[in-house]
Amino acid sequence: MPQLNILILSTSPKSEATKLFFDAAIRRGHNPMIKDPNSLYLLVSESESGYDRVYTGEGEYAERLKAKEIDAIIPRIHGGVNFGVPIVRHFNQNLGIFSTQTASGIRAASNKFETHQKLSIAGIRTPKTIFAKSPKHIKFLIEKIGNLPAIAKTVKGSLGLGVMILKDVEQTNSTLEALYHNQVETLLQSFVDSKAQDIRAIVCGDTVIAAMLRTGKKGDFRANVSRGGTGSKIELSEADKQLCIKAAK
Ligand SMILES: Nc1ncnc2c1ncn2[C@@H]1O[C@H](COP(=O)(O)OP(=O)(O)OP(=O)(O)O)[C@@H](O)[C@H]1O
Ligand SMILES: [Mg+2]
């Protein structure tokens, strides 16, 4: 395989995940570099055949990143989707550089309702989910997703923060009212009784390369490790593997 110049975009260059990517690239004989996406300047050219550009402002002087010398980018975008998505689009579509993720993929994954819509379009089952601009008919909405308990989930959110369990009508009403009053886009979802367990699977191309069974800590329905849950290795059935691959696509 030829040596590739790989640009890893990461706001935390010293994090374990970034280091793993960097070391894996070195082991395979590639030439990785890390840049902080928050230090970049994206330029859209004015002329029809002009070149769009990326500049890096990490040092004292800003300098042009030579796009021709970059073969691939690995975006590690988190928490900063509003700037991260245009950065990935600039590299990938404006400059034509291969990216391990697409701008639209990152945007969809960062929006839980868009994720559910895309899964549904692709014929992949998800829990019944309702999204509304201003939910007024609470009893009707609860009926539509099945019954209580139900889950309320902020459209943007990660690490289990923003996922709430609603046990009665009063609680559902007051919780949704508070969220909508504060302009927090929220969806209402049927509760899946999984004994606080879920499975995280990592798909690479057409293969599930790793899977973990996560169990939430005592007294919490959320399985997130970041909320105190624990993970253990699990071997998936062939049907589950196929589901993961289809969902990742
Ligand atoms: N409909 C549901 N019924 C029961 N438990 C749920 C439901 N949705 C989520 N959970 C639990 O809450 C946890 C967190 O939910 P979810 O994965 O949707 O949000 P997140 O982890 O904050 O976001 P992301 O996975 O996008 O980073 C899940 O791992 C699961 O254990
Ligand atoms: Mg999650």
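Modeller: Helices (H or I, at least four residues) and strands (E, at least two) are DSSP runs, numbered from the N terminus. This is a predicted model, in which local features need pLDDT of at least 70, side-chain atom pairs count only at pLDDT 80 or more, and totals for chains, interfaces and linings use all residues. Residues are numbered from 1 along each chain as its sequence is written, while chains are lettered from A and ligands numbered from 1 in the order in which they are written.

Now go to the loop between strand 11 (186-190) and strand 12 (197-204), where Lys195 sits. The phi angle of Lys195 is near 55 degrees, a positive value in a residue other than glycine. Most residues other than glycine have a negative phi. Is Lys195 buried or exposed? A residue is buried if 20 or more other C-beta atoms lie within 10 Å of its own, exposed if 12 or fewer, and partly exposed in between; C-beta atoms are placed from the backbone. Lys195 has 8 other C-beta atoms within 10 Å, so it is exposed.

Next, take the loop between strand 9 (150-154) and strand 10 (163-166), which holds Leu159. Here too phi is positive: for Leu159, also not a glycine, it is near 60 degrees. Leu159 counts as exposed because it has 12 C-beta neighbours inside 10 Å.

Last, step back to the loop between helix 5 (138-145) and strand 9, the place of Pro149. Look at the bond joining Leu148 and Pro149: this peptide bond is cis, with omega about 0 degrees. Most peptide bonds are trans.
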